[in-house]
Amino acid sequence: MDLNLEVFSIILFFGACFAGFIGSLTGLGGGVVVIPLLTLGFGVDMRYAIGAALVTSIATSSGAAAAYIKEGITNVRIGMFLEIATTTGAVIGAIVAMYLDKVYIAIIFGCVLIFSAVRSISKKEENIDYAAPGDKLGEKLKLNGSYPTKDGTIEKYNVHNVVGGYSLMTLAGVLSGLLGIGSGALKVLAMDTAMKIPFKVSTTTSNFMVGVTAAASAVIYLQRGYIDPGLAMPIVVGVLLGAFFGSKILPKTNVKKLRLLFSVVIFFLAVSMIYNGITGKL
């Protein structure tokens, strides 16, 4: 933090642009890039980094979610239903965090992300029939939907394994409560792998959900004084700009390349979290 304030703010702004762009494309939320940037790059205290990341996640979700809903990609009904699970999990995670050492939390989180990266990159999109008969519970809850493809056609999909996806969402909420981030990686994994929802729908719906989860946590950090406006402002502006460009590119993006990008980003996040935990920087 010895840098000139203006230079520091400019670096944060461009870093946040990248974070917003990646968060928008992958459904992770820009905060997962911001935390390693602040803690490893600038030595910012972990609590202030999480506070800034939570505000960033809200900005990413707000900036990208509106565009995705307008494009007709986001499944709002699925997002609202699964938010019940993430909220429940977040309460459980907050209670567990009082007793579990942060080193173990970071290592567990990193291992889960590495697993999700391997699962995502090894999964073959062409072998999945999204229009196959779905879960009866999904039909009763009217979770099935459709989205426009890059060639202008409408692709329909049916939701599978609603209970399994709901359980993974609860785990995502637990990790949100433990670490103070949106856990977008697990949210995408739950929808993409367990519920067999198309990857673009998973990432956009995750973006929609991340903001709600982060907003609940941000209130607590704000009350405790861990959200610094001077730190958060350039990050929020940069993230919004990056998320805007990401939302314009996603509908035309190749899914295989998007999966690769998703895997690389969350693998980097996993290594960063494990490193922070082992070295005691969390």
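Start at Ser 202: with a relative accessible area of 0%, Ser 202 is buried (under 20% counts as buried, over 50% as exposed, in between as partly exposed, with a 1.4 Å probe and protein chains only). This is a predicted model: local features need pLDDT of at least 70, side-chain atom pairs count only at pLDDT 80 or more, and totals for chains, interfaces and linings use all residues. Residues are numbered from 1 along each chain as its sequence is written, and side-chain values use heavy atoms, leaving out hydrogens and water.

**Stop 1: around Ser 202.** Select helix α9, residues 199-223, which holds Ser 202. Helices (H or I, at least four residues) and strands (E, at least two) are DSSP runs, numbered from the N terminus. Show the side chain of Ser 202: it reaches the backbone nitrogen of Asp 192 at 3.4 Å. That is a polar contact: a pair of N or O atoms within 3.5 Å, where within protein one must be able to donate a hydrogen and the other to accept it, and residues adjacent in sequence count only if both atoms are side-chain atoms.

**Stop 2: Thr 204.** Stay in α9 and select Thr 204. Thr 204 is buried, at 0% relative accessibility. A polar atom of its side chain lies 3.0 Å from the backbone oxygen of Val 201.

**Stop 3: helix α10.** Select residues 229-249. This helix has 21 residues and spans 30 Å from first C-alpha to last, close to the 30 Å expected at 1.5 Å a residue (the expected span is 1.5 Å times one less than the number of residues). Zoom to its N-terminal end. Asp 228 caps it, with a side-chain oxygen 3.0 Å from the backbone nitrogen of Gly 230. Colour the buried positions, among them Leu 231, Pro 234, Ile 235, Val 239 and Gly 242.

**Stop 4: aromatic pairs.** How many aromatic pairs does the structure hold? There are 4. Phe 81 and Tyr 166 form one of them: ring centres 5.4 Å apart, planes at 45 degrees, so the pair is tilted. Rings of Phe, Tyr and Trp (its six-membered ring) pair if their centres lie within 6.5 Å; planes under 30 degrees apart count as stacked, over 60 as edge-to-face and the rest as tilted. This pair links α4 (residues 76-96) to α7 (residues 162-179), 85 residues apart. Tyr 166 is partly exposed, at 26% relative accessible area.

Move to Tyr 147 and Tyr 157, a tilted pair at 6.2 Å centre to centre and 50 degrees between planes. Tyr 147 sits in strand β1 (residues 145-148) and Tyr 157 in strand β2 (residues 154-157). Both residues are buried.

**Last stop: the whole chain.** Zoom out. The chain has 11 helices and 2 strands, in the order α-α-α-α-α-α-β-β-α-α-α-α-α. Of its 282 residues, 54% are buried.
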